[in-house]
Amino acid sequence: MDASLHFDCLVRLADDHMILGHRLSEWCGHAPMLEEDLALPNIALDLLGQARILYDHAGKIEGKGRNEDQLAYLRLERDYRNLLLCERPIGDFGHTVLRQFYFASFMGLYWSECQNSNDQILREVAAKAIKECAYHIRHTGEWVIRLGDGTDESHQRMQNAVADLAPYVGEMFHMDETSQQGASAGLIPDVSKLAATWHAQVAPVLAEATLETIEVKPILGGRSGQHGEEMGFLLTDLQFMQRTFPNMTW
Amino acid sequence: MNDQQEIPLWEVFIRPRNGLAHRHCGSLHAADATMALQAARDVYTRRGEGQSIWVVPSMQITASDPTQKGENFEAQEDKIYRHPTFYEVPDEVGHM
């Protein structure tokens, strides 16, 4: 397989996990209750753990001597290829759990398909991530139900979150040239084939949460490096340490 | 923090390994039993402490009255013969 295609496919996946992991980490010390103050960073750490292995692997495939830190911290904004869903601001707690529920439900299917990948590292990450993901789906799904079917205010906030995130759902299942080639090469799943199952899994949870589903035309761009304005602020925060103290380690 | 007061308190019991008893390890707030189990997993088993979790509504626990401490517990203090320390344990028994 072409190394640059292999690299691109891995970095997309790593970016999804690191950027969303970073967003979740913003809750650390700010969650509405102590229990969630631990639960959300726990999920963030799962995502960052997955991202680290993927960046490390991508760096070796690329063969230009870039390590995980250089890939994670020292690229320019346009070089990040994460889904726009992952970079959206955290919003309120309901917004955060709904986004996480959407993404975890997607990744649950994605990792499951990745068990057939011809990349051994990807199969190994999948084996670990499937269990982590199952918990993320359960935890965030339970919150979606309780907040959606909760008080008038929590219901309204969840319904707002459904509307806010609706344009970013479609990008998860969008196939561009890189994803076509990656899927044809047997590296990554064909995400367009995951859409129906995803909707079938998410719909009953939203229904139980008494939330109305909204379908709108998807906004694309993350996979080609075209990000929302919030991304620059996120990267400033994320990259500050490596840019101020180059090559620092913990 | 008035909202917090409306969220029930739960007591958490963790069994560290198969064959051991569940032990009380702390408490937490959660809206219901499902969420309490998840919170217990996140709060108390982050470092691989558990094989099994129980959660019990704190409301359901009946506690002894601290003012009855004397009649409940002090009467035992001079009954050292209730401790099985007067037996000689044969070596073959090993650790007890």
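**Helix packing and the A–B contact**

Student: Is the crossing of α1(A) and α2(A) left-handed or right-handed?
Tutor: The crossing of α1(A) and α2(A) is left-handed (the near helix is turned anticlockwise from the far one by less than a right angle; clockwise would be right-handed). Helices here are DSSP runs of H or I, at least four residues, numbered from the N terminus. This is a predicted model, where local features need pLDDT of at least 70 and side-chain atom pairs 80 or more, while totals for chains, interfaces and linings use all residues. Residues are numbered from 1 along each chain as its sequence is written, with chains lettered from A and ligands numbered from 1 in the order written.

Student: At what angle do the axes of α1(A) and α2(A) cross?
Tutor: Roughly 160 degrees, and the axes of α1 (residues 3-25) and α2 of chain A come within 8 Å (lines fitted to C-alpha atoms over the stretch in contact, angles from 0 to 180 degrees between N-to-C directions). That makes α1(A) roughly antiparallel to α2(A), the word for angles over 145 degrees.

Student: What touches chain B?
Tutor: Eight residues of chain A are in contact with twelve of chain B (C-beta atoms, placed from the backbone, within 7 Å). α2 (34-62) and α6 (120-148) of chain A each give two or more residues to that side. The largest share, four residues, comes from α2(A).

Student: Switching to α9(A), how far apart are its end C-alpha atoms?
Tutor: They are 20 Å apart, which agrees with the 20 Å that the 14 residues of α9(A), 195-208, should span (1.5 Å times one less than the number of residues). Just after α9(A), A:T210 takes a positive phi of about 55 degrees.

Definitions and conventions
Contact = placed C-beta atoms within 7 Å. Parallel < 35°, antiparallel > 145°, perpendicular 65-115°, else oblique.
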